[in-house]
Amino acid sequence: MISLTDSQKIGMGLTGFGVFFLFFGMILFFDKALLAIGNIFFVVGLAFVIGLERTFRFFFQKHKMKATSFFLGGVFIVLIGWPIIGVFLEFYGFFLLFRGFFPVVVGFIRRIPVLGYLLNLPFISGYVDKDV
């Protein structure tokens, strides 16, 4: 079991609330208030989980500036009131920022009994292995 500090536990809660509000905001036809709250909770929760300095270093690496500008630009556009455009920019930025983690996630999912079987089906494994 991984031991977490109190601030990391708070960060996990904030990140979870952020994901919940983002999902709920999209379910309710891109409600800009819920999406804005979700964005704020997600970014602040991430800073609590990995620390402020590491968060800053992660987002502002030279090779990730394009991804960071799309993600934070999408957050800003949601905050000023254009939720659909902002969410699409956020998703694109999120994909660019975290695409290095996708092979790890796929490897973890392959160890889960039912999901691993689904990922190893011929037409799905060809697609998943191509992206990883």
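**A first look**

Phenylalanine 58 and phenylalanine 59 are both buried. Keep in mind that you are looking at a predicted model. These two residues also form an aromatic pair of the edge-to-face kind, with 5.4 Å from centre to centre and 80 degrees between the planes.

**Aromatic rings**

- The count of aromatic pairs comes to 15.
- One of them joins phenylalanine 17 and phenylalanine 41, whose ring centres are 6.4 Å apart and whose planes make an angle of 50 degrees, so the pair is classed as tilted rather than edge-to-face, a label kept for angles over 60 degrees.
- This pair connects distant parts of the chain, since phenylalanine 17 sits in helix H1 and phenylalanine 41 in helix H2, 24 residues apart.
- Phenylalanine 17 has a relative accessible area of 48%, so it counts as partly exposed.
- Phenylalanine 41 is also partly exposed, because its relative accessible area is 27%.
- Ring pairs also tie Phe42, Phe58, Phe59, Phe71, Phe94, Phe98 and Phe101 together into a cluster.

**Helix H1**

- The buried residues in H1 are Gly11, Leu14, Thr15, Gly18, Phe21, Leu22 and Gly25.
- They lie on the same side of H1, because they cover an arc of only 130 degrees around the axis.
- What do the buried residues of H1 pack against? Their partner is helix H2 (32–50).
- Asp6 and Phe23 are exposed, and they sit on the face of H1 turned away from its buried side.
- After H1 comes phenylalanine 29, which has a positive phi, near 60 degrees.

**Threonine 15**

- Threonine 15 is part of helix H1.
- Is threonine 15 buried or exposed? Its relative accessibility is 17%, which means that it counts as buried, as the limit is under 20%.
- Leaving aside residues up to four places away in sequence, threonine 15 touches Phe41, Phe42, Gly45, Leu46 and Val49.

**Glycine 93**

- You can find glycine 93 in helix H5 (residues 83–98).
- Glycine 93 is buried, and its relative accessible area is 0%.
- Which residues does glycine 93 touch, not counting those up to four places away in sequence? The answer is Ala67, Phe70 and Phe71.
- Between glycine 93 and glycine 74 there are 8.1 Å in space, C-alpha to C-alpha, although the two are 19 residues apart in sequence.

**What the record says**

- An unreviewed UniProt entry gives the feature "transmembrane region" at residues 12–30, 36–56 and 68–85.
- In the model, residues 12–30 are 84% helix and 0% strand, with end C-alpha atoms 24 Å apart.
- Residues 68–85 are 89% helix and 0% strand, and their end C-alpha atoms lie 16 Å apart.

Definitions and conventions
Residues are numbered from 1 along each chain as its sequence is written. This is a predicted model: local features need pLDDT of at least 70, side-chain atom pairs count only at pLDDT 80 or more; totals for chains, interfaces and linings use all residues. Side-chain values use heavy atoms; hydrogens and water are left out. Buried means under 20% relative accessible area, exposed over 50%, partly exposed in between (1.4 Å probe, protein chains only). Helices (H or I, at least four residues) and strands (E, at least two) are DSSP runs, numbered from the N terminus. The arc is that of the directions from the helix axis to the C-beta atoms. Contact means heavy atoms within 4.5 Å. Rings of Phe, Tyr and Trp (its six-membered ring) pair if their centres lie within 6.5 Å; planes under 30 degrees apart count as stacked, over 60 as edge-to-face and the rest as tilted. UniProt positions are given in the numbering used here, feature names are shortened, and annotations may be inferred rather than shown by experiment.
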